[in-house]
Amino acid sequence: MTPVLHTERLTFRPYRPEDEDAFVALLRDEEVCRWMGQERVPEEDIRTLFRAILKDVYPRRLFDVWGLWQQDVFVGHAEVKKTGNVDGHELIAALAPPYWGRGLGTEVVRGLLRHAAGTLGLKEAYGMVGADNAASVALCHRLGFRHVRDVTGDDGKVTKLMVIATTGN
């Protein structure tokens with residue numbers, strides 16, 4: 001079962017049905033989609049995805065996924081799951097734009113790394129970061145991620161595959 005995690009300022013909480021609108025708003029945000037390297041999709045598709053988290057991902061323990069909360073305010077989304085890009089697990093984090101530039105991204109990634117090491121027993125974790133996402137690339141470098149390779153999508157966009165040891169963070 002996906003555990004509740006805590007960092008200095010954040011609570012990582014498994015989603016509840018009442019979180020659906022916050023989840024949808026985050027993944028419908030044009031800036032969030034741009035920096036996550038994905039196209040905006042119809043609202044109903046995002047609602048279907050959210051319901052699948054509740055009905056499939058959690059009950060089948062497919063991977064860990066959380067809503068990120070600062071006190072009682074939804075600020076973002078996080079996951080740790082197997083990736084198809086390499087034989088390993090990927091850290092995924094998305095913050096709502098009003099919470100950018102406050103150090104929360106660093107806090108989220110460090111929280112995910114602690115979970116990956118302590119709970120999941122992983123020795124390393126990966127991140128996929130858009131090459132043009134300067135803030136996220138800089139965050140990865142500050143935390144000690146190492147560039148593995150560039151991945152070019154069918155649309156020509158370049159994503160950096162990054163890796164980090166889970167211990168020592």
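In the predicted model, residue E30 lies in helix α2, which spans residues 30-36. E30 has a relative accessible area of 58% and is therefore exposed, since the cut-off for that class is over 50%. Although E30 and R40 are 10 residues apart along the chain, their C-alpha atoms are separated by 6.7 Å.

Two further exposed positions are found in loops. R61 is located in the loop between α3 and β3, the latter covering residues 64-70. With a relative accessible area of 63%, R61 is exposed. The backbone of R61 has a positive phi of about 50°, although the residue is not a glycine. Q71 belongs to the loop that links β3 to β4 (73-83). Its relative accessibility is 73%, so Q71 counts as exposed. Q71, which is not a glycine, also has a positive phi, of about 55°.

The interior was examined next. In soluble globular proteins, nonpolar side chains tend to be buried together. The largest nonpolar core of the model contains 43 residues. Those with the most contacts inside this core are F12, Y15, L91, V108, L112 and F145. Helix α4, residues 104-118, supplies the largest share of the core, with six residues. Leaving aside residues up to four places away in sequence, F145 touches L91, V109, A125, Y126, G127, C140, M162, V163 and I164.

T7 is situated in the loop between β1 (5-6) and β2 (11-13). The relative accessibility of T7 is 13%, and T7 therefore counts as buried, the limit being under 20%. With residues up to four places away in sequence not counted, T7 is in contact with F12, E107, G111 and R114.

A117 is a residue of helix α4. A117 has a relative accessible area of 25% and so is partly exposed. Residues touched by A117 are L122, T166 and T167, again not counting those up to four places away in sequence. A separation of 13 Å was computed between the C-alpha atoms of A117 and L5, which are 112 residues apart along the chain.

Helix packing was then considered. Two packed helices are described by the angle between their axes and the distance between the axes. Helix α1 (residues 20-28) and helix α3 (residues 43-60) have axes that come within 9 Å and cross at roughly 130°. This angle makes α1 oblique to α3. The crossing of these two helices, α1 and α3, is right-handed. By class, the contact of α1 with α3 comprises seven nonpolar, no polar and six charged residues. On the α1 side the contact involves E20, D21, F23, V24, L27 and R28, which meet E43, I46, R47, L49, F50, R51 and I53 of α3.

A second pair consists of α4 and helix α5, the latter formed by residues 134-143. The axes of α4 and α5 are 11 Å apart, and the helices pack at an angle of about 50°. The two helices, α4 and α5, are therefore oblique to each other. The crossing in which α4 passes α5 is right-handed. The contact of α4 with α5 has three nonpolar, two polar and two charged residues. G105, T106, V109 and R110 of α4 meet L139, R142 and L143 of α5.

Key:
Residues are numbered from 1 along each chain as its sequence is written. This is a predicted model: local features need pLDDT of at least 70, side-chain atom pairs count only at pLDDT 80 or more; totals for chains, interfaces and linings use all residues. Side-chain values use heavy atoms; hydrogens and water are left out. A nonpolar core is a set of buried Ala, Val, Leu, Ile, Met, Phe, Trp, Tyr and Cys residues joined through side-chain atoms within 4.5 Å. Buried means under 20% relative accessible area, exposed over 50%, partly exposed in between (1.4 Å probe, protein chains only). Helices (H or I, at least four residues) and strands (E, at least two) are DSSP runs, numbered from the N terminus. Contact means heavy atoms within 4.5 Å. Axes are lines fitted to C-alpha atoms, for helices over the stretch in contact, and angles run from 0 to 180 degrees between N-to-C directions. Angles under 35 degrees count as roughly parallel, over 145 as roughly antiparallel, 65 to 115 as roughly perpendicular and the rest as oblique. A crossing is left-handed if the near helix is turned anticlockwise from the far one by less than a right angle, and right-handed if clockwise. Ala, Val, Leu, Ile, Met, Phe, Trp, Tyr, Cys and Pro count as nonpolar, Asp, Glu, Lys and Arg as charged, and the others, Gly among them, as polar.
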